Amino acid sequence: MTSQQGRLIIVAGPSGAGKGTVENAVMEKNPEIQFSVSVTTRPQRDYEVEGEHYFFISKADFLQRIERNELVEWQEVYSKNGHYYGTLRSYVDAALEQGKLLLIDIDIKGGINLKKAYPDNSISIFIEPPSVEALEQRLINRKTDSPEQIRIRLDRMPEEMELGKQFDYTIVNSELSEAVNAFTEILENQIYQQQRSI
Ligand code: 5GP
């Protein structure tokens, strides 16, 4: 045990809200934050490193881990061709035990479930785009989605924004630097100040 309490920083939001960019900037500013590595059945991308971005496993392996209760939460993410993503209980518990600050990038429903599993050791942050129009523009500029995929994502927005109300904090990502400042302020108030007072 360390004297410092580990904490989970759960981050979710509609795809295209720019959560990855905000997270990377926050982690660059706060190098003590560790990125949480999930397991997934989706294929590895060229730039991804095993054990750094994800642990890439087969569907059979994933299903066995569900059976053995090794995943604290998991989701089949439909926008990713039905691939499975999950958070390893042992990984999260070890990080908490070691007093680490773990940033968990997760889909919206997974984020809500994870918060329920660790209510006292986590804060949850929802990153949202400034408007549906801004999201549409970002998805068009990103050039990774077909027009139908973009339509599906936009149609899903109202439900996602509703689920977003279950998060502890919401950050509107209009301007990256402002979103990063808002994120840092939450960390300062909710984590660093408390650690200093222990
Ligand atoms: P990508 O395939 O683009 O890396 O991620 C697709 C989605 O899966 C993202 O929304 C990401 O946040 C989510 N995701 C990543 N890891 C996990 C996890 O462990 N559990 C859940 N529920 N979602 C995850």
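**The open sheet and its surroundings**

Reply: Happy to! Strand β3 (residues 38–40) and β6 run antiparallel and are joined by two bridges. Please keep in mind that this is a predicted model. Within that pairing, V39 stands opposite G86 in β6.

Stepping back, these strands belong to an open sheet of four, ordered β4-β3-β6-β5, and the pairing is mixed. β4 (54–56) and β5 are the edge strands: each has a single partner strand, so one side of each is left without a neighbour in the sheet. From one strand to the next, the twist averages 25°.

Now for the helices. α3 packs on the sheet, where it touches β4, β5 and β6, and its direction makes about 35° with that of β6. α4 lies across β5 and β6, and runs at about 170° to β5.

These elements also meet in the largest nonpolar core, which has 25 residues; L8, V92, L102, I104, I108, L114 and Y118 touch the most other members. Two or more residues each come from β1 (7–12), β5 (71–77), β6 (83–88), α3 (89–97), β7 (101–105) and α4 (108–117). The largest share, four residues, is given by α3.

Leaving aside residues up to four places away in sequence, L8 touches V92, L96, L102, I104, Y118, N121, S122 and I123. There is also a second, separate core of 20 residues, with V22, L103, I171 and L187 among them.

Methods
Residues numbered from 1 in each chain as written. Predicted model: local features only at pLDDT ≥ 70, side-chain atom pairs only at ≥ 80, totals over all residues. Heavy atoms only, no water. Core = buried A, V, L, I, M, F, W, Y, C linked by side-chain atoms within 4.5 Å. Buried < 20%, exposed > 50% of the residue type's maximum accessible area, 1.4 Å probe, protein only. Contact = heavy atoms within 4.5 Å. Pairing = 2+ DSSP bridges. Axes fitted to C-alpha atoms, helices over the stretch in contact; angles between N-to-C directions.
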